[in-house]
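The report below turns to one helix and its surroundings, then to aromatic rings and the charges placed over them. Please keep the model in view while reading.

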Amino acid sequence: MKQKIVKVRTKPPYHIIIKSDILYEIPDDLKNNFTFGKVAIITDSQVGQIYGNLLLKLFQEAGLKANLFSFQAGEQSKNIETVVKLARELIRARFDRKDIILALGGGVVGDVAGFLASIYLRGIPFVQVPTSLLAQVDASIGGKTGVDLPEGKNLLGTFYQPARVYIDPDVLKTLPETHLRDGLAEVIKYACTLKPKFFNFLEKNSKSVLSLEERALIRIIYDSCQAKAKVVSKDEKESGLRRVLNFGHTLGHALEAFADYTVPHGFCVAVGMVYACKLSEIIGLAPKGLSQRVEKLLKVYQLPTRVSELGLSLKEGDVEKIFSYFGRDKKVWKGKLTMVLLKNIGDFVFYEATDPSPLEKALAETV
């Protein structure tokens with residue numbers, strides 16, 4: 001199938017290239033379009049075993065100098081210590097400002113490698129090669145980088161755009177099925193907030209998507225990338241519109257932190273979207289039945305819709321603890337928690353949550 005290209009009109013602009021087997025074309029494409037010295041392939045212990053050495057060999061066969069750097073897979077590695085460790089390894093390997101970082105992996109790898117690229121020698125170029133659906137449709141696009149603190153997710157970070165994003169749908173076939181569902185939550189997020197016709201497509205084509213049919217995979221990746229590119233092109237540094245991408249993330253991030261990052265991001269966001277829809281109905285913003293329609297789609301794609309389905313049972317005091325994470329979130333805007341709610345599918349609003357009562361009621365209905 002012919003490649004699809006999405007242009008992200010940030011400063012500087014860059015292309016997202018979506019094509020089956022593009023992994024094998026990356027060395028030549030980089031060589032033909034960019035000037036650089038060495039390539040630092042940064043990956044994790046899981047992806048490195050599958051694709052790290054393959055990509056390293058492809059660069060060597062193309063006559064390019066490349067080194068492979070790896071860290072332990074998992075959200076627990078998304079911290080400043082990992083960034084410092086990798087920076088020291090790059091220094092020892094004599095990487096300089098004329099070199100380039102390539103992030104090969106899921107969202108954690110992209111965030112860590114992108115953050116490192118933004119601060120190493122005050123910034124060197126990097127490219128994204130996302131290998132999970134979550135990273136392909138969300139984390140690799142828009143230039144957000146960051147690491148976690150014990151107090152919350154992504155609290156240290158930068159805005160730093162990649163020079164290019166290479167998306168190969170074929171790599172999804174080697175990943176656990178859980179990873180696919182994890183990314184589908186973000187796909188559904190775009191459909192809920194920005195693309196009602198895409199929502200209809202997801203309702204009608206679940207079998208094709210879940211069976212990883214090439215045409216369906218490229219469609220959901222392209223539509224998602226297009227939606228995010230349009231938003232970040234208008235609002236690169238989250239001063240307004242870009243906040244729409246946080247739909248489902250207020251409760252989602254709180255649940256991740258509450259579970260000590262042992263539950264997949266997309267699963268928490270799925271429950272967070274149901275919560276946001278329930279809240280939209282409770283305050284009279286959305287018609288009754290909206291949350292039911294969103295829940296139905298999430299269930300079709302085998303995603304959780306309740307806190308209990310994440311394996312979390314809330315005890316006395318836990319609700320207060322979850323709400324405490326709301327106040328620490330980056331979505332607190334001028335001292336007020338700003339949430340993305342829906343009037344209907346494809347019709348979003350920003351809501352300043354000042355009254356705790358509907359927030360508590362919505363959570364009670366989502367437990």
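In helix H2, the buried residues are Val47, Gly48, Tyr51, Gly52, Leu55, Leu56, Leu58 and Phe59, where buried means under 20% relative accessible area, exposed over 50% and partly exposed in between, with a 1.4 Å probe and protein chains only. This is a predicted model, in which local features need pLDDT of at least 70 and side-chain atom pairs count only at pLDDT 80 or more, whereas totals for chains, interfaces and linings use all residues. Residues are numbered from 1 along each chain as its sequence is written, and side-chain values use heavy atoms, with hydrogens and water left out.

Helices (H or I, at least four residues) and strands (E, at least two) are DSSP runs numbered from the N terminus. The buried residues of H2 pack against helix H1 (26-33) and against strands E3 (39-44), E4 (66-71) and E5 (100-105), contact being defined as heavy atoms within 4.5 Å. An α-helix has 3.6 residues a turn, so residues three or four places apart point the same way.

The 17 residues of H2 (residues 45-61) should span 24 Å at 1.5 Å a residue, and the end C-alpha atoms are 23 Å apart, which agrees; the expected span is 1.5 Å times one less than the number of residues. Just after H2, Gly63 takes a positive phi of about 75°.

## Aromatic rings

The structure holds six aromatic pairs, for which rings of Phe, Tyr and Trp (its six-membered ring) must have centres within 6.5 Å; planes under 30 degrees apart count as stacked, over 60 as edge-to-face and the rest as tilted. One of them joins Tyr275 and Phe326 edge-to-face, at 6.4 Å centre to centre and with 70° between the planes. This pair links distant parts of the chain, with Tyr275 in helix H11 (residues 265-282) and Phe326 in helix H13 (residues 318-328), 51 residues apart. Tyr275 is buried at a relative accessible area of 0%, and Phe326 is buried at 4%. Together with Phe323, these two residues, Tyr275 and Phe326, form one aromatic cluster.

A charge sits over a ring if NZ of Lys or CZ of Arg is within 6 Å of the ring centre and within 35 degrees of the ring normal.

| Charged residue | Ring | Distance from ring centre |
|---|---|---|
| Lys4 | Tyr222 | 4.6 Å |
| Arg219 | Phe201 | 4.2 Å |
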